[in-house]
Amino acid sequence: MTEQHADTTTDLFSRGRKYDHMALLEQIDVTGSIRAAATALGMTYKTAWDAVEAINNMTERPLVERRKGGRDGGGAKLTDHGRRLVSTYRRLDEERERVLQQLNNVVDDFDAYYQLIRRFDLKTSARNQFLGKVKTIKQGEISNEVILDIGGDDEIVANITTDSLEHLELKQGTEAYAMIKASWVILTLEHQLKTSARNKLTGKVARCHEGAINTEVIIELKGGKTLAATITNDSAHELDLKLETQITALIKASNVILAVAN
């Protein structure tokens with residue numbers, strides 16, 4: 001029972017992911033390179049990049065600082081904030097493991113109920129997840145407009161029902177998550193284009209990954225966070241995207257999902 005419990009604890013701390021984000025941060029700190037950290041953990045370079053971008057998007061201050069090429073050849077390192085977070089997380093991990101071991105010794109069928117509790121962990125297919133604070137709420141009879149400040153002068157607008165607003169207990173200053181599927185993001189080079197899309201986020205192309213049918217485009221926003229968009233290969237070729245290209249992402253407010261932590 002103890003060995004099985006240890007495995008489920010590892011899964012819990014990786015939040016159901018195949019790779020442990022904290023282990024990735026530790027390897028980046030040791031190697032000074034995202035590529036080297038990915039190799040050490042047996043993950044692809046793209047997976048590591050995606051993880052780093054997701055981590056930075058979910059924190060108010062960046063945990064990983066990326067250095068572009070130059071005399072030192074580029075690389076990455078943890079910020080002081082990142083190192084403190086990893087240290088605190090590992091101490092919490094050790095303490096929680098000790099508590100879980102104690103519960104395992106005194107509670108009958110602990111593993112079965114532990115697995116049941118884990119089902120409540122949030123998992124989502126949305127490629128983009130941003131942590132922010134509610135700036136303003138414009139209330140209507142049926143729907144409401146919620147503006148979320150995600151830092152760096154970037155905002156995300158969501159349109160949600162009154163029932164959802166009450167259920168999430170949103171008010172000014174509430175910390176919330178905005179989730180957006182990459183396929184819901186429309187890209188344009190026309191920065192002054194008039195459109196009904198409530199969200200217009202401008203940034204520069206950080207990288208592109210072309211697949212058999214679609215291309216994933218990663219946009220670095222003004223505040224340093226990243227936004228992923230999935231477009232067809234034909235669209236990518238038509239836009240003639242290159243690194244550092246200035247581009248605008250359009251997202252309908254109704255395509256933004258809001259969530260809060262319990």
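Reader: Leaving aside its neighbours within four places in sequence, which residues is Arg-207 in contact with?

Author: This is a predicted model. In it, Arg-207 contacts Lys-46, Trp-49, Asp-50, Glu-53, Glu-216, Val-217, Ile-218 and Leu-243. Arg-207 itself lies in strand β8.

Reader: What makes Arg-207 count as buried?

Author: Its relative accessibility is 15%. The cut-off for buried is under 20%. Arg-207 therefore counts as buried.

Reader: What makes the link between the side chains of Arg-207 and Asp-50 a polar contact?

Author: The distance is 3.0 Å. A polar contact needs N or O atoms within 3.5 Å, one able to donate a hydrogen and the other to accept it. The Arg-207 and Asp-50 side chains therefore make a polar contact.

Reader: Which strands does α4 lie across?

Author: Helix α4, residues 45–57, lies across β8, β9 and β10.

Reader: What is the direction of α4 relative to β8, in the terms used for angles?

Author: α4 runs at about 160° to β8. Angles over 145 degrees count as roughly antiparallel.

Reader: Why do β8 and β11 count as paired?

Author: Pairing takes at least two bridges. β8 (199–210) and β11 (246–251) have six, in the antiparallel sense. They therefore count as paired. One of the bridges joins Lys-200 to Leu-250 in β11.

Reader: How many bridges do β8 and β9 have, and what do the two strands form?

Author: β8 and β9 (214–221) pair in the antiparallel sense over seven bridges. They form a hairpin, with three residues between them. In β9, Glu-216 is the bridge partner of His-209.

Reader: What is the strand order in the sheet that holds β8?

Author: The order is β7-β11-β8-β9-β10, an open sheet with antiparallel pairing.

Reader: What makes β7 and β10 edge strands?

Author: β7 (186–188) and β10 (226–232) each have a single partner strand, so one side of each lacks a neighbour in the sheet. From one strand to the next, the twist averages 45°. For β7 the partner is β11, with three antiparallel bridges. There, Ile-186 stands opposite Leu-250.

Reader: Where is Thr-245, and what does its side chain meet in Lys-242?

Author: Thr-245 sits in the loop between α8 (233–239) and β11. A polar atom of its side chain lies 2.7 Å from the backbone oxygen of Lys-242. Leaving aside neighbours within four places in sequence, Thr-245 contacts Leu-189, Gly-203, Lys-204 and Val-205.

Reader: What is the strand order in the sheet that holds β3?

Author: It is β5-β4-β3-β6-β12, an open sheet of five strands with antiparallel pairing. β5 (154–161) and β12 (257–259) are the edge strands, each pairing on one side only. The twist averages 45° from one strand to the next.

Reader: Why do β3 and β6 count as paired?

Author: At least two bridges are needed. β3 (128–139) and β6 (175–180) have six, in the antiparallel sense. They therefore meet the cut-off. Lys-133 has Glu-175 in β6 as its bridge partner.

Reader: How do you know which way α2 and α4 cross, roughly parallel or roughly perpendicular?

Author: The axes of α2 and α4 come within 11 Å and cross at roughly 100°. The range for roughly perpendicular is 65 to 115 degrees, so α2 is roughly perpendicular to α4.

Reader: Which residues of α2 and α4 meet?

Author: From α2, they are His-21, Leu-24, Leu-25 and Ile-28. From α4, they are Ala-48, Ala-51, Val-52 and Ile-55.

Reader: Which residues of α3 are buried?

Author: In α3 (34–41), Ile-34, Ala-37 and Ala-38 are buried.

Reader: What puts these residues on the same side of α3?

Author: They cover an arc of only 100° around the axis, which places them on the same side of α3. In general, an α-helix has 3.6 residues a turn, so residues three or four places apart point the same way. What covers the buried residues of α3 includes α2 (21–31), α4, β1 (64–67) and β2 (75–78).

Reader: What makes Ser-33 the cap of α3, and what follows the helix?

Author: Ser-33 caps the N-terminal end: a side-chain oxygen lies 3.2 Å from the backbone nitrogen of Arg-35. Just after α3, Gly-42 takes a positive phi of about 75°.

How values were computed:
Residues are numbered from 1 along each chain as its sequence is written. This is a predicted model: local features need pLDDT of at least 70, side-chain atom pairs count only at pLDDT 80 or more; totals for chains, interfaces and linings use all residues. Side-chain values use heavy atoms; hydrogens and water are left out. Helices (H or I, at least four residues) and strands (E, at least two) are DSSP runs, numbered from the N terminus. Axes are lines fitted to C-alpha atoms, for helices over the stretch in contact, and angles run from 0 to 180 degrees between N-to-C directions. Contact means heavy atoms within 4.5 Å. Buried means under 20% relative accessible area, exposed over 50%, partly exposed in between (1.4 Å probe, protein chains only). The arc is that of the directions from the helix axis to the C-beta atoms. Angles under 35 degrees count as roughly parallel, over 145 as roughly antiparallel, 65 to 115 as roughly perpendicular and the rest as oblique.
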